[in-house]
Amino acid sequence: MKTKKHAQWMRTAALLSALILTVTLTACKKEAAQPPKTPEPAPTEQTTPGQTTPPGQTTPQPGQSGQTPPGQTGQGGEAAKPPEEAPIKIGQLQYTEIERTSVATAAKNAGVPTYYLPERGASDDKIDQMATSAKLLTLKYYKMTILESPEEIKPSGKVESKQEVKLRNGTGQWVTVDGKKTLYLKLDKTYIALSSDKLSEADLQTVAESLATLK
């Protein structure tokens, strides 16, 4: 009997040992199957204002100026101003003998028997071009344009406003077309129109008052 019980106990112990060995091997396999843990990266230091410059940027060194925005100067960020034009001065106009002869010929070709030239205008102004058509003489100065005709000169375009003005040599009328003003007047039998993008209304009235026939 003891021999039989001893044999049973030995079998039981052997089964327990096998079971423990199986559990141990299974646990080892699971642990080996798990991937190794990657260590977390160490936190980077943040850059605070006044310490270091972020990558890709440069800090202006003392004595070096920064970039100037477009349309601004390097001083105070003020925009560059265009040079101002010198104010126009009204003075006596001079005509050469060739100019006088050319105007007389042009007036004859245009059919304007009595024509006028201004004796006053911008001090540096001169006749630049002359043009003629049927009953119309066009004198283009550098700073103004004068039209003369034995027939009434009518505005080309929709008239926006009219304003009568008293001149030393008669009565004139300012007529506005497309925002541009033209001074119309009549001297004897000649109709005249004066316009300018350079001269003021007062200056152009001075020019009109100085219109005279050639002597």
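This is a predicted model: local features need pLDDT of at least 70, side-chain atom pairs count only at pLDDT 80 or more; totals for chains, interfaces and linings use all residues.
Student: What does the side chain of E209 meet in a salt bridge?

Tutor: Side chains of opposite charge can pair when their charged atoms come close. Here the partner of E209 is R168, at 3.8 Å from N to O. R168 is exposed, at 78% relative accessible area.

Student: How many salt bridges does the structure hold?

Tutor: There are three. One of them joins K181 and E201, with the closest N and O atoms 2.9 Å apart. K181 lies in strand β9 and E201 in helix α3, 20 residues apart. Both ends are partly exposed: K181 has 31% relative accessible area, and E201 has 36%.

Student: Which side chain meets D124 in a salt bridge?

Tutor: That is K143, at 3.3 Å from N to O. D124 is in the loop between β3 (120-122) and β4 (127-133), and K143 is in the loop between β5 and β6. D124 counts as exposed, at 52%, whereas K143 is buried, at 19%.

Student: Which residues have the most contacts inside the largest nonpolar core?

Tutor: In soluble globular proteins, nonpolar side chains tend to be buried together. The largest nonpolar core here has 30 residues, and L137, Y141, M144, L185, I192 and L194 have the most contacts inside it. Its largest share, four residues, comes from α2. Apart from this core lies another, of five residues, including I153, V177, Y184 and A193.

Student: What does Y141 touch, beyond residues up to four places away in sequence?

Tutor: The residues it touches include L93, Y95, L117, P118 and I146.

Student: How much space lies in the largest pocket?

Tutor: Rolling a probe the size of a water molecule over the atoms shows where empty space is left. The largest pocket holds about 280 Å³. Its lining has 15 residues, with L147, S156, T182, Y184 and S195 nearest the centre. By class, eight are nonpolar, four polar and three charged.

Student: Which element gives the most to the lining of the second largest pocket?

Tutor: β8 does, with four residues. That pocket has about 230 Å³ of space. Of its 14 lining residues, E152, I153, Q173, Y184 and L185 lie nearest its centre.

How values were computed
Residues are numbered from 1 along each chain as its sequence is written. Side-chain values use heavy atoms; hydrogens and water are left out. On a 1 Å grid over the protein atoms alone, a cavity is a set of points where a 1.4 Å probe fits but cannot get out, and a pocket is an open set with protein on both sides within 12 Å along at least five of seven lines; lining residues have an atom within 4 Å of a point. Grid points are joined across faces, edges and corners, and a volume is the space filled by probe spheres set on the points. Ala, Val, Leu, Ile, Met, Phe, Trp, Tyr, Cys and Pro count as nonpolar, Asp, Glu, Lys and Arg as charged, and the others, Gly among them, as polar. Helices (H or I, at least four residues) and strands (E, at least two) are DSSP runs, numbered from the N terminus. A nonpolar core is a set of buried Ala, Val, Leu, Ile, Met, Phe, Trp, Tyr and Cys residues joined through side-chain atoms within 4.5 Å. Buried means under 20% relative accessible area, exposed over 50%, partly exposed in between (1.4 Å probe, protein chains only). Contact means heavy atoms within 4.5 Å. A salt bridge is a side-chain nitrogen of Lys or Arg within 4 Å of a carboxyl oxygen of Asp or Glu.
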